[in-house]
Amino acid sequence: GTPQKYDPTFKGPIYDRGCTDIICCVLLVIAIVGYVVVGIVAWTHGDPRKVIYPTDSRGQFCGQKGTPNEYGSRCRAHGSPALGVSSGLRRRRVRTFTRRRAVSSPPVQICVSQCPERYLTYLSAYGSGELEYYRRFCVPEFQNLQKVGHGEREDGICDVGFPPSRPVARRCLPAIRAKKGVIMVGNETTYDDGRGRRRNVTELLEGAKKANVVLETRQLAMKIFEDYTVSWYWIIIGLVIAMVASLIFIVLLRFLAGIMVWVMIVLVILVLGYGIFHCYMEYAKLKGEAGSDVSLKDLGFQTDLRVYLHLQQTWLAFLIILCIVEVVIILLLIFLRKRILIAIALIKEASRAVGHIMMSLLFPLCTFFLLCLCIAYWASTAVFLSTSNEAVYKVFNESACQFSGQTCKPETFNTSNVTRLCPDAQCLFAFYGGETAYHKYLIVFQFFNLFMFFWLANFVIALGQVTLAGAFASYYWAFKKPDDMPAFPLFSSFGRALRYHTGSLAFGSLILAIVQVIRVTLEYLDHRLKAADNKFAKFLLSCLKCCFWCLEKFIKFLNRNAYIMIAVYGTNFCTSARNAFFLLMRNIIRVAVLDKVTDFLFFLGKLLIVGSVGILAFFFFTHRIKLVQDTAPPLNYYWVPILTVIVGSYLIAHGFFSVYGMCVDTLFLCFLEDLERNDGSAEKPYFMSPDLKKLLKKTNKGQPDA
């Protein structure tokens, strides 16, 4: 590219500018209107209760107030007791039971008030006078159990037999447990299948295996929830400490950037060193203890993560990882020590810019709020779309029938010709679906919902970037700082971005959204092909995933710098992206070293804040601080609040440092433009700060430094 030439009229971000990329702006508006229409249609047809509450064989919810199954809150499936069933419950519990009917018909599901508590078959119930209890697990229409025969039991009216069950996610599943290595249901190792045969309970194991995983996950979730209920207050205090630490760190950077950077580097090295020491001490303490030498591979996955902390291999892995990180950081500091001085100068300049535009520190809250709106709209629309299918009923029969498999309506089925021509035919709930045009294109709507989420989320991020870039550019191109700056640089930049460059932001975010949707599609295909043996397809898919990951990173980098050029010059997206790319390529060494060194220093700052707050949380929640030892709440898993504080602290620190990162990137591009446009003469003076001029041995001839 051609270096920028001197322009005597250029005094920073151009105010006299026009609208750019109008076509993309119109496309965005049309897409948003279509997105709203899809949301309204989804909310009209969808029913989120289908995600939570189960249904019987007629598609009716279990345990829902105002429904025929209001007092049957659990769902059981007739047939093989290992088959799972759904149930729903609002005030009362309801479960379902399913029994395998004929090959041509689906399992019969009914809503029951409670799951079976003991082994029972029709024959044993008839002989012991427990028919009333047995009737609870027949379809509601069947009343006369004294006349029940083999046909009724086979046709799904009643179950031939059932084992003791327990409710799992409102479903009745066999109460399988292991006692001294022996698989049991209740207190039995065999059960009567209702046909006079004894079967081993291991036959139920495979069918209930996934349900037991769900049960364990649910128990884990309940314990985690209990930990949150007793520790939320202290978690909030930890996040407030992280916010205060981030704010203090940024304020100190303005006045003590050089000292803070070196102190930060030393502290990070010390924090990592302490982590290495602590891991070694834990490793040495476990040496010789019984069971501590078990390998992670032999142990497998455990829901109680505290088990891993009693293994030597766990602390050894932590020790090795921390040592590698420590060595890498020290080597980088040694080889980049000369460039760190220039990076410090950029940080000092960024500190001054942020100091003059303090509202920029709060602007990420606006971006965060808009992103939350995008996520909430996408998630709710996705749920309503996925639950907008209607109950589909089909004709099922045991003998040959011309209407078999056709859709039917339960309300009019008994008066139709089907029952006259096929006496044994039944109109049963088959699945949730639909045959209207809306239901046929549901997958298209889901895809559109995902695409619009990426587009709008990227647009919101782009709006935040171009707003901050315009504000910080007005600081750099003010010859007399801050006298030549506009009164409200942040709001002025925000107004210019929305008024003139909505189309350009939509263009850049559209390109990125397309790449991200392709990546999601590739991940979905990879998930579907995991069970396949086609190695070439897997290899090709892995290559495509890698290529599109690199493409996404490059587009994000290019978009970020293009938005800076848009904020400064008011040009369209393609022109801005081209000018930014060529400007960076003409200064590739400075880009590779200076810009990335500052990114590395900001990463160390976030690491210091997160590490310090994380260590404080670790000592507090593990009762190792004697002054507040009795204050810390008792927990099932102390890692729950610790991880929450660490993740929250990182997000808070990232929010503050993202402003600094955008400021440094903007000042860096303006700095490169300044070097190309001006030469320090009286006619073409430099706009950079005196510190940068001194560091680069540049001067404004014939003029005192501003």
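Ala 353 is buried, with a relative accessible area of 0% (buried means under 20% relative accessible area, exposed over 50%, partly exposed in between, with a 1.4 Å probe and protein chains only). This is a predicted model, where local features need pLDDT of at least 70, side-chain atom pairs count only at pLDDT 80 or more, and totals for chains, interfaces and linings use all residues. Residues are numbered from 1 along each chain as its sequence is written, and side-chain values use heavy atoms, with hydrogens and water left out.

- Ala 353 sits in helix H9 (residues 337-356); helices (H or I, at least four residues) and strands (E, at least two) are DSSP runs, numbered from the N terminus.
- Not counting residues up to four places away in sequence, Ala 353 touches Phe 472, Tyr 475 and Cys 663 (contact means heavy atoms within 4.5 Å).
- Leu 667 is 314 residues from Ala 353 along the chain, yet their C-alpha atoms are separated by 9.2 Å.
- Thr 467, in helix H14 (residues 442-476), is buried too, with a relative accessible area of 0%.
- Leaving aside neighbours within four places in sequence, Thr 467 has Phe 363, Leu 490, Ser 493, Phe 494 and Ala 497 as contacts.

**Cysteines**

- You'll find one disulfide in the structure (a pair of cysteine sulfur atoms within 2.5 Å).
- That disulfide joins Cys 408 to Cys 427, S to S 2.1 Å, and the link is right-handed, with 100° about the S-S bond.
- Cys 408 is in the loop between strand S12 (390-396) and helix H11 (410-413) and Cys 427 is in strand S13 (residues 426-433), so the pair ties together parts 19 residues apart in sequence.
- Both ends are buried: Cys 408 has a relative accessible area of 14%, and Cys 427 has 12%.
- Cys 19 is in no disulfide, and the nearest cysteine sulfur, that of Cys 25, is 7.7 Å away.
- Cys 574 is partly exposed at 47% relative accessibility; the closest cysteine sulfur, in Cys 24, is 8.2 Å from its own, too far for a bond.

**The second largest pocket**

- The second largest pocket has a volume of about 1400 Å³; a volume is the space filled by probe spheres set on the grid points, which are joined across faces, edges and corners.
- On a 1 Å grid over the protein atoms alone, a pocket is an open set of points where a 1.4 Å probe fits, with protein on both sides within 12 Å along at least five of seven lines; lining residues have an atom within 4 Å of a point.
- Its lining has 39 residues, with Trp 315, Phe 318, Phe 618, Ile 642 and Ile 646 nearest the centre.
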